[in-house]
Amino acid sequence: MTPLIEITGVRHAYATEAGPLPVLDGLELAVPEGEFCAVVGPSGCGKSTLTRLIAGLMRPDAGEVRLAGERVTGPRRSVGMAFQNPVLLEWRTILDNVILPLEIVAPRMARRDRVARAEELLSMVGLEGFEDKRPSELSGGMRQRASLCRSIVHKPSVLILDEPFGALDAFTREDLWQTMRDLRAAEPFTTVLITHDLRESVFLGDQVVVLSGRPARTQHVMRVDLPADRTLDVMYTPRVGEMLHLLRDEIKIAQGRPVEQSA
Ligand SMILES: Nc1ncnc2c1ncn2[C@@H]1O[C@H](COP(=O)(O)OP(=O)(O)OP(=O)(O)O)[C@@H](O)[C@H]1O
């Protein structure tokens with residue numbers, strides 16, 4: 001079966017004053033429908049560039065990005081995005097922030113249906129009762145929950161998450177991982193998550209893709225053979241310890257650092 005997200009042989013360079021800066025060189029990615037793909041790699045290797053290509057905000061110099069078999073040539077409504085900074089609009093309530101994509105994608109949808117959809121999602125992420133608050137009245141973790149709701153309110157088939165939990169403290173981050181797992185069980189989207197956190201990549205991913213240093217190519221793909229309804233306890237099992245060890249070694253290789261041999 002054709003993967004929902006398919007990236008083949010992608011190359012890209014940015015034009016800079018010092019000349020072209022090659023950022024991606026031979027990137028391959030295949031994410032089947034409904035799967036969650038976590039992407040890790042050294043700082044500055046080109047991970048956010050990859051998200052812009054999938055979202056159709058940029059076109060690669062060479063190679064192809066396909067969604068559901070169709071070549072991506074521009075932005076699409078079937079894509080939802082969330083970033084490290086939730087960028088909620090302070091002059092709107094939380095509910096009206098979540099509704100925003102529906103105003104653009106489904107302008108004829110009745111207000112009461114938009115509200116019902118937003119309320120359903122806010123309740124799923126534990127924000128029932130906060131619909132009428134302004135973003136500044138919420139904690140960082142709550143704002144990020146609202147941002148996740150906004151990214152999926154229009155039922156996108158593809159969800160792109162660029163470090164959405166990166167700025168949160170460790171406990172809040174783990175809460176958000178569980179929220180993400182529960183949203184996934186309830187809503188049928190196919191996800192690409194960019195993260196610097198190897199534990200996060202294993203907890204949330206069906207596959208973890210390790211990118212090499214810049215210019216990035218696909219260096220390693222790891223299948224995460226854990227149940228979809230995994231709990232945080234699984235993170236303390238020997239199997240996950242092995243996976244994290246392997247990923248750490250792959251990151252060191254990507255950074256051009258030596259990998260110690262175990263005794
Ligand atoms: N519009 C642009 N013009 C020129 N250079 C850019 C542009 N956008 C990104 N870059 C450069 O391309 C490289 C890759 O950037 P990108 O943001 O994709 O990396 P990243 O892996 O997401 O980084 P980080 O891990 O720090 O979040 C960096 O060196 C960055 O400075």
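These legends go with a few close-up views of a predicted model.

**View 1. The shell around the ligand.**
Start with who surrounds the ligand: Tyr-14, Thr-16, Leu-21, Val-23, and then the run Ser-43, Gly-44, Cys-45, Gly-46, Lys-47, Ser-48 and Thr-49. Three elements, namely β1 (5–16), β2 (19–31) and α1 (47–54), each put two or more residues into this shell. The top contributor is α1, with three residues. Sorted by class, the shell comes out as six polar, four nonpolar and one charged residues.

Six of its eight residues are buried, so the rest of the structure largely encloses α1. Which residues are the buried ones? They are Lys-47, Thr-49, Leu-50, Thr-51, Leu-53 and Ile-54. Two of these names, Lys-47 and Thr-49, also turn up in the shell around the ligand. Past the helix, look for Gly-56, which follows α1 and has a positive phi, near 75°.

**View 2. Helix α2 against helix α4.**
A quick reminder before the helix pairs: two packed helices are described by the angle between their axes and the distance between the axes. Here the pair is α2 (residues 94–105) and α4 (residues 140–152), whose axes come within 7 Å and cross at roughly 30°. That angle is under 35 degrees, so α2 counts as roughly parallel to α4. As for handedness, α2 and α4 cross in a right-handed way.

**View 3. Helix α2 against helix α3.**
How do α2 and helix α3 (residues 111–124) pack? Their axes sit 9 Å apart, at an angle of about 120°. That makes α2 oblique to α3. This crossing, of α2 and α3, is right-handed. From α2, the contact takes Leu-95, Val-98, Ile-99 and Leu-102; from α3, it takes Arg-114, Val-115, Arg-117, Ala-118, Leu-121 and Leu-122. Split by class, the contact of α2 with α3 has eight nonpolar and two charged residues, with no polar ones.

Notes: Residues are numbered from 1 along each chain as its sequence is written. This is a predicted model: local features need pLDDT of at least 70, side-chain atom pairs count only at pLDDT 80 or more; totals for chains, interfaces and linings use all residues. A residue is near a molecule or strand if its C-beta atom, placed from the backbone, lies within 6 Å of it. Helices (H or I, at least four residues) and strands (E, at least two) are DSSP runs, numbered from the N terminus. Ala, Val, Leu, Ile, Met, Phe, Trp, Tyr, Cys and Pro count as nonpolar, Asp, Glu, Lys and Arg as charged, and the others, Gly among them, as polar. A residue is buried if 20 or more other C-beta atoms lie within 10 Å of its own, exposed if 12 or fewer, and partly exposed in between; C-beta atoms are placed from the backbone. Axes are lines fitted to C-alpha atoms, for helices over the stretch in contact, and angles run from 0 to 180 degrees between N-to-C directions. Angles under 35 degrees count as roughly parallel, over 145 as roughly antiparallel, 65 to 115 as roughly perpendicular and the rest as oblique. A crossing is left-handed if the near helix is turned anticlockwise from the far one by less than a right angle, and right-handed if clockwise. Two residues are in contact if their C-beta atoms, placed from the backbone, lie within 7 Å.
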